[in-house]
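Please work through the exercises below with the structure open beside you, and try each task before reading its solution.

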Amino acid sequence: QMGNRNVENSCNTCDFSSLGYACRNISTSSALQNRTHVSCDIKGDVAVVRFNTPNSKVNTLSKQLSAEFTDVMNEIWANEAVRSAVLISSKPGSFIAGADLNMLEACKTAQEVTQLSQDGQKMLEKIENSPKPVVAAISGSCLGGGLEVAIACHYRVATKDRKTVLGTPEVLLGLLPGAGGTQRLPKMVGLPAAFDMMLTGRNIRADRAKKMGLVDQLVEPLGPGLKTPEARTIEYLEEVAINFARGLANKTVSAKRSRGLMQRLTDYAMALPFVRQQVYKTVESKVQKQTKGLYPAPLKIIEVTPLHHLICFFSFFGQLAVTKESKALMGLYHGQVHCKKNKFGNPQKEVKTLAVLGAGLMGAGIAQVSVDKGIKTILKDTAQKGLDRGQQQVYKGLNSKVKKKSLTSFERDSILSNLMGQLDYKGFEKADMVIEAVFEDINVKHKVLKEVEAVIPAHCVFASNTSALPISQIAAASKRPEKVIGMHYFSPVDKMQLLEIITTDKTSQDTAASAVAVGLKQGKVVIVVKDGPGFYTTRCLGPMLSEVVRVLQEGIDPKKVDAISTAFGFPVGAATLIDEVGVDVATHVAEDLGKAFGQRFGGGSIDLFKLMVQKGFLGRKAGKGFYVYQEGVKNRSVNSGMDEILQKFRVPANPDVCSDEDIQMRLVTRFVNEAAMCLQEGILSNPLEGDIGAVFGLGFPPCLGGPFRFADSYGARQLVDKLRKYEAVYGSQFTPCQLLLDHANSPSKKFHQ
Amino acid sequence: MPHDLARAALQGLLTRTSVPRDVVDYIVYGTVIQEVKTSNVAREAALGAGFSDKTPAHTVTMACISSNQAMTTGMGAGRASCGVHRDVPALQCPCPAGVGMIAAGQCDVVVAGGVELMSDVPIRHSRKMRKTMLTLNRAKTLGQKLSLISKIRPDYFTPELPAVAEFSTSETMGHSADRLAAAFGVSRLEQDEYALRSHSLAKKAQDEGLLQDVVPFKVPGKDTVTKDNGIRPSSLEQMGKLKPAFVKPYGTVTAANSSFLTDGASAMLIMSEEKALAMGYKPKAYLRDFVYVSQDPKDQLLLGPTYATPKVLEKAGLTLGDIDVFEFHEAFAGQILANLKAMDSDWFAQNYMGRKSKVGAPPLDKFNTWGGSLSLGHPFGATGCRLVITAAHRLKKEGGQYGLVAACAAGGQGHAMIVELYPQ
């Protein structure tokens with residue numbers, strides 16, 4: 001029972017007769033008549049504060065919202081009739097999704113950011129010390145600054161649905177929780193859990209948050225009643241939160257959490273100085289190892305968490321916000337947002353039935369990310385054995401989610417009912433899109449294209465998941481080339497976020513719209529590029545891998561090559577990457593692209609690859625490549641069988657270009673040069689997609705933000721100088737492209753403004 | 001064992017109706033939690049109750065509407081019992097409507113009923129233990145057997161209780177009821193008031209001797225149970241003190257405003273009208289029409305009556321105003337009140353049921369006036385027959401023509417039936 005609605009006032013008319021410290025703000029509240037971001041209702045003796053950023057799907061902590069929020073809180077503190085408060089959002093999908101990035105990016109100096117952080121902290125401190133209990137009613141994303149607001153409150157009630165996630169993703173943007181979270185979080189969930197949250201930036205679902213002590217109560221989402229489920233659920237959340245707020249004010253509810261035995265033991269241990277030190281040391285060395293010192297944010301987080309002076313923590317936040325790593329990571333964030341939109345608009349016909357040809361690793365992966373989005377998917381293979389393997393892969397992928405409890409076994413079963421495994425073309429007459437993931441051979445592709453076109457309806461899109469064959473070549477066999485497109489997925493499909501879509505001159509807008517829509521539905525970050533040998537991603541990777549081979553030929557062993565490349569920020573070492581891709585695939589691609597681009601793809605000897613293929617050293621899938629892979633063995637050893645091969649192709653090294661840094665730069669400059677050339681040739685339509693493709697598809701170091709951001713921050717001039725230096729030693733594969741030269745010649749030119 | 005209770009119901013029916021055993025063509029029983037030894041409990045009970053061994057019998061299951069399913073399978077109306085062990089006499093019902101064995105001409109006389117023995121549900125060994133035991137059966141040598149036995153660990157002995165949770169959603173029914181009540185804004189007080197009403201009305205009906213459908217049952221080694229023993233009118237204050245049972249600590253569904261699970265069995269004699277008249281019986285009621293519905297097992301688990309009521313009325317060509325007696329299964333007070341609100345909502349009818357307008361909420365003065373599952377108890381598989389026979393008895397007592405029976409069931413299913421008093 002919510003109390004009599006007639007006594008509900010709006011804050012606008014609240015009683016200011018009690019003159020507390022809040023009165024100081026009375027002058028600023030003259031604008032409260034037209035608040036746009038925060039509103040307030042008084043329900044009996046409980047104030048309900050509602051966040052609602054206008055014209056936006058999510059609430060963000062912008063200057064405007066913060067100012068209005070401060071105003072409203074001051075009124076609440078001044079109003080004697082109010083004994084407690086509830087903070088809630090008017091948007092069911094978002095409590096507060098974080099700080100307004102534009103606001104941070106608009107700051108020119110570290111001081112400005114420090115000031116913002118201090119202002120935020122001051123407000124949250126007031127909430128934390130509020131004599132009137134404040135309850136956060138959380139529905140939807142509660143991230144970053146939103147989580148900081150929530151944990152400054154005295155009590156938290158959260159909706160237990162999938163949209164409700166709590167987390168501190170600041171680290172992913174090269175920042176740290178900027179308004180006191182580094183201090184409050186450890187007190188709330190304990191040091192280990194707090195480190196885990198802040199250093200990984202992972203999203204925590206409501207039920208998990210309850211177990212951790214991050215929220216106090218859960219509210220189950222409601223079904224339809226006399227209103228829509230969404231509307232009634234958030235209303236119910238508010239009712240429950242109001243009851244708890246009232247209970248806290250009446251002292252019938254205690255905000256103290258009963259902590260489990262394990263938690264109490266952990267707390268006790270953490271109170272011991274040497275245990276604390278040990279934890280810090282362990283965490284720090286782990287972070288050092290993983291980040292190679294390339295990311296400043298995680299280390300700063302560790303540094304500020306031991307309840308240092310707040311001042312130092314603010315300045316750290318300010319410092320971090322203006323680092324180039326943070327700028328790079330924020331750039332990637334914006335790029336991701338950009339690549340989650342369909343620039344071709346909505347397709348005429350939504351893809352409801354998808355057919356995937358080939359139940360291999362890629363085909364089954366594509367099927368997996370489709371069925372769980374509710375797309376009816378036909379998985380076709382030519383052999384029962386291959387089909388069985390593919391279906392098992394889909395099952396295993398979904399079942400691992402059941403094991404992690406992110407899916408129930410019932411949901412898994414009903415998702416799997418969307419999958420139809422078969423050996424024939426039955427049901428293809430209903431397919432809205434066919435994605436082929438068959439063997440990378442133009443004749444095989446032509447054969448399936450013709451077979452498929454005989455059975456599919458007129459509107460059906462034919463997409464090829466090839467990593468290198470030009471789409472126009474594949475489309476040459478088609479009766480309807482406007483319906484042919486490339487959809488280049490990355491392996492493993494369920495883990496890799498990128499999808500590279502390739503359009504030919506003949507591909508229609510609607511076909512492109514349809515492909516992008518499917519990719520977005522599958523949860524992918526989508527870049528759209530023009531057709532050409534290797535498209536964008538494969539083409540950038542080619543020269544770099546060729547250089548890796550060259551480096552190996554010069555006598556640097558694979559382990560060292562890996563160490564040098566990961567030290568630069570690549571998540572996977574360059575030699576390991578070749579093993580992962582598969583030496584046979586790499587050979588195939590290198591040959592094709594070599595034919596198309598000539599010397600620019602030269603450097604390493606392709607015969608080395610060919611010999612590896614001959615010897616069966618195909619990489620991870622064969623158990624042997626540069627390394628030996630054994631099930632259950634973590635520390636893999638170098639494949640001794642490679643010694644002979646490497647010896648055979650050995651070339652003398654020029655000590656002028658063989659320092660660790662030079663080797664790194666030889667790999668990276670070729671990558672960046674080729675990326676720039678793709679932009680120059682119009683394969684890429686903008687640098688943003690180029691950065692996203694390189695980072696999400698190829699593992700280009702995220703801290704550098706992608707090849708174009710790197711060119712900006714490193715300097716085109718410096719890049720060109722390096723390229724020239726290597727060109728003098730090795731030849732034309734290092735010749736800088738015209739676009740890079742242009743940038744080098746006019747320093748004001750940047751890929752990203 | 002459940003078949004004992006079912007047997008008592010069947011014997012009670014034979015006694016009350018004096019129907020010759022060999023006239024019965026078929027027996028259908030509903031049950032939910034099956035005793036593995038008597039998985040076709042209908043047959044075991046019929047044999048034990050002295051029915052002819054030439055009368056086939058089968059068992060059906062459809063959660064809380066299992067005995068409704070038994071009735072409609074046999075197509076007839078039933079006789080139900082409920083409460084703790086109670087069985088009931090049968091009601092002869094000609095059944096001109098619908099499908100089922102009688103309507104299809106397969107049979108003339110069918111006995112339908114249901115049974116549930118909640119006090120002794122089968123509890124299984126853990127899967128690991130079951131596997132070990134089954135493998136042990138195949139082990140040949142002593143060595144093999146010993147090696148298998150030596151692999152048994154303490155956790156193998158953890159038993160598996162039958163879940164009261166929905167298989168598809170893993171949500172218990174009480175939890176779903178609490179969410180349903182919240183979705184429709186049903187308060188704790190409203191629920192407690194309704195539950196109190198159910199207990200008070202049941203007590204009154206019991207005191208006035210209206211619950212004539214109960215057959216005494218002698219519990220082996222204990223006293224004879226002669227009446228429903230779960231009727232406990234309390235006070236709102238007392239009920240208000242209880243803590244929420246499912247959504248803790250702030251939910252609204254408590255032990256006092258939920259139906260309680262009891263043992264019980266029911267049986268009912270169903271005939272075609274011609275056969276009944278030919279045999280010299282005077283039927284109690286016609287079973288006019290029935291429907292089954294199903295919807296989302298997560299958020300609309302207990303809304304079966306809302307969906308089934310307008311459908312069965314339409315099918316029978318009646319309106320809500322034509323109904324004199326409503327007998328709804330009271331799973332939870334919150335569930336009943338949510339259904340009443342849903343039936344009274346144009347918004348719900350339009351957005352979720354694809355109907356132009358609401359069917360309307362039944363008037364409470366015609367609604368479950370002799371108590372319901374909240375006060376009489378709810379032996380899953382047996383409840384349906386009790387609803388139907390109570391509707392028939394109320395029609396006779398209160399002088400109406402049509403009764404409407406409705407119930408919800410696990411799996412998000414529902415059922416409704418129109419019962420018509422046989423012309424007096």
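This is a predicted model: local features need pLDDT of at least 70, side-chain atom pairs count only at pLDDT 80 or more; totals for chains, interfaces and linings use all residues.

**Exercise 1. Decide whether A:L419 is buried or exposed, and find which residues A:L419 touches.**

Solution. Begin by placing the residue: A:L419 belongs to strand β14 of chain A, which covers residues 419–422. Then list the contacts, leaving aside residues up to four places away in sequence: A:L419 touches A:A367, A:V371, A:T377, A:L379, A:Q391 and A:V394.

**Exercise 2. Describe how helices α15(A) and α16(A) pack, and name the residues that make the contact.**

Solution. First identify the helices, α15 with residues 384–403 and α16 with residues 409–416, both of chain A. Their axes are 9 Å apart and meet at an angle of about 155 degrees. Since angles over 145 degrees count as roughly antiparallel, α15(A) is therefore roughly antiparallel to α16(A). The crossing of α15(A) past α16(A) is right-handed. On the side of α15(A) the contact is made by A:V394, A:Y395, A:L398, A:N399 and A:V402, and on the side of α16(A) by A:S409, A:R412, A:I415 and A:L416. Sorted by class, the residues of this contact are six nonpolar, two polar and one charged.

**Exercise 3. Work out how α20(A) and α26(A) are oriented, and which classes of residue form their contact.**

Solution. Start again from the geometry: helix α20 (residues 537–553) and helix α26 (residues 660–680) of chain A pack at about 160 degrees, with 8 Å between their axes. It follows that α20(A) and α26(A) are roughly antiparallel to each other, and α20(A) passes α26(A) in a right-handed crossing. Among the contact residues are A:P543 and A:M544 of α20(A), together with A:L667 and A:F671 of α26(A). The residues of this contact divide into eleven nonpolar, one polar and six charged.

**Exercise 4. Classify the ring pair A:Y730 and A:F734, and find which aromatic cluster includes A:F671.**

Solution. The structure holds 25 aromatic pairs over all chains. In the pair of A:Y730 and A:F734 the ring centres are 5.8 Å apart and the planes stand at 40 degrees, so the pair is tilted. Both A:Y730 and A:F734 are buried. Finally, A:F671 belongs to one aromatic cluster with A:F568, A:F570, A:F700, A:F710 and A:Y714.

Definitions and conventions: Residues are numbered from 1 along each chain as its sequence is written. Chains are lettered from A and ligands numbered from 1 in the order in which they are written. Side-chain values use heavy atoms; hydrogens and water are left out. Helices (H or I, at least four residues) and strands (E, at least two) are DSSP runs, numbered from the N terminus. Contact means heavy atoms within 4.5 Å. Axes are lines fitted to C-alpha atoms, for helices over the stretch in contact, and angles run from 0 to 180 degrees between N-to-C directions. Angles under 35 degrees count as roughly parallel, over 145 as roughly antiparallel, 65 to 115 as roughly perpendicular and the rest as oblique. A crossing is left-handed if the near helix is turned anticlockwise from the far one by less than a right angle, and right-handed if clockwise. Ala, Val, Leu, Ile, Met, Phe, Trp, Tyr, Cys and Pro count as nonpolar, Asp, Glu, Lys and Arg as charged, and the others, Gly among them, as polar. Rings of Phe, Tyr and Trp (its six-membered ring) pair if their centres lie within 6.5 Å; planes under 30 degrees apart count as stacked, over 60 as edge-to-face and the rest as tilted. Buried means under 20% relative accessible area, exposed over 50%, partly exposed in between (1.4 Å probe, protein chains only).
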